[in-house]
Structures are given as structure tokens and as C-alpha cells.
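Me: I would like to go through this structure slowly, asking at each step what a term rests on. Could you answer with the value and the cut-off side by side?

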Amino acid sequence: MPWFKDKEADRLRIRKLIHESDTPEGKRFDVWLIVAILLNISLVMLDSVRAVNERLGALLFVLEVVLNLLFTVEYALRVWSARDRLRWVFSFYGMVDLLAILPFLLSLIWPELRALAVLRALRLMRIFRILGLFNYMREARILLLSLA
């Protein structure tokens, strides 16, 4: 692929897009991420309604898988492009991101763990991060530490 010839330049470009939301591209990425998170949470909520699940269960599942795969790629790109990868993985935001995708990944191996969908609500914390609201949400930090 032509855009992976210079790995360091690509890593910097991805870092600027994903980690720095003060650029126009970063803002567009954050908007996409917010829309995807809200859509994913809506899908989980719709799936829990029996009548909707009976009619649209297969479609909801496919959409949920696609979105979760995108979130997994986004997480991998965040880790890959971070200045200090290990530090980012174990940072508060890194843990939120991991805990948000982990139920999906585990349910691919063990379908009975699909009940952990409640942990997917942690994606809402990602919206708070994007909007910079965590400075005002000490309780969210306590909740995440309790879940961890």
C-alpha cells in the first residue's frame, strides 16, 4: 500500500488524526466516533427489545459486529500511534477504550459472554473524553476503577 511506505510519517499522521482533536481532520474523526458510539449503544438498546430483536435481530447483529470491528481497528490505531504505547494502554482512556471493546471480542470466542454488553456503555465515557467532560466527572473515574 502506498500510504505505508514511511511508517513513522504514517504513525505521526494517524496520531495527529486520532489523538489530537484540535485539527479539522481530528474534529471530523471525533464527530464520526461520537456518531458511531451513539449508533452502537442504540443498537444494543434496540436488541434488548424482544419485538425488535425478533424482526431485526440479524440486521442489528451485523451492524453491531461492523461497528465493533471499526472500534477495534480504532483502538489498535490508537495504540500503534501513541507516543508511549504501553503508557497509553494503561492510561485511564486506554483502559476505557479496552473495556469498551473487550466484551465484543470475548463474545466472539465465548458467545455466552454476550451478556457483558452492559460494559459497552463505557463507550459513553469515550464521548465524555472527546468532549473534554472528564475534568468534571470524578465519579466516572471511580466507576471505571471499580469495574476494572
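Me: Why is Thr23 called buried?
Reply: This is a predicted model, and in it Thr23 has a relative accessible area of 9%. Buried means under 20% relative accessible area, so Thr23, at 9%, counts as buried. Thr23 lies in the loop between α1 and α2.

Me: How do you know whether Leu33 is buried or exposed?
Reply: Leu33, which is placed in helix α2, has a relative accessibility of 0%. Because the cut-off for buried is under 20%, Leu33 at 0% is buried.

Me: Which elements make up the secondary structure of the protein?
Reply: The protein has 7 helices and 0 strands, so that, read from the N terminus, the order of elements is α-α-α-α-α-α-α. Of the 148 residues in the protein, 36% are buried.

Me: What makes a set of residues here a nonpolar core, and which residues have the most contacts inside the largest one?
Reply: A core of this kind joins buried residues of the nonpolar sort through side-chain atoms within 4.5 Å. The largest has 17 residues, and Phe71, Tyr75 and Trp88 have the most contacts inside it. Two or more residues of this core come from each of α1 (7-19), α2 (24-47), α3 and α4 (85-89), and α2 gives the largest share, 6 residues. In soluble globular proteins, nonpolar side chains tend to be buried together.

Me: How do α2 and α3 cross, and what classes of residue form their contact?
Reply: The axes of α2 and α3 come within 9 Å and cross at roughly 145°, in a left-handed crossing. Residues count as meeting when their heavy atoms lie within 4.5 Å, and those that meet include Phe29, Trp32 and Leu33 in α2 and Leu67, Asn68 and Phe71 in α3. By class, this contact of α2 with α3 has 15 nonpolar, 3 polar and 4 charged residues.

Me: At what angle do α3 and α5 pack, and which residues meet there?
Reply: Helix α3 (residues 50-81) and helix α5 (residues 92-109) pack at about 145°, their axes being 10 Å apart, and α3 passes α5 in a left-handed crossing. Among the residues that meet are Phe71, Thr72 and Tyr75 in α3, and Leu98, Ile101 and Phe104 in α5. The residues of this contact divide into 8 nonpolar, 3 polar and 2 charged.

Definitions and conventions: Residues numbered from 1 in each chain as written. Predicted model: local features only at pLDDT ≥ 70, side-chain atom pairs only at ≥ 80, totals over all residues. Heavy atoms only, no water. Axes fitted to C-alpha atoms, helices over the stretch in contact; angles between N-to-C directions. Helix = DSSP H or I, 4+ residues; strand = E, 2+ residues; numbered from the N terminus. Left-handed = near helix turned anticlockwise from the far one by under 90°. Nonpolar A, V, L, I, M, F, W, Y, C, P; charged D, E, K, R; others polar. Buried < 20%, exposed > 50% of the residue type's maximum accessible area, 1.4 Å probe, protein only.
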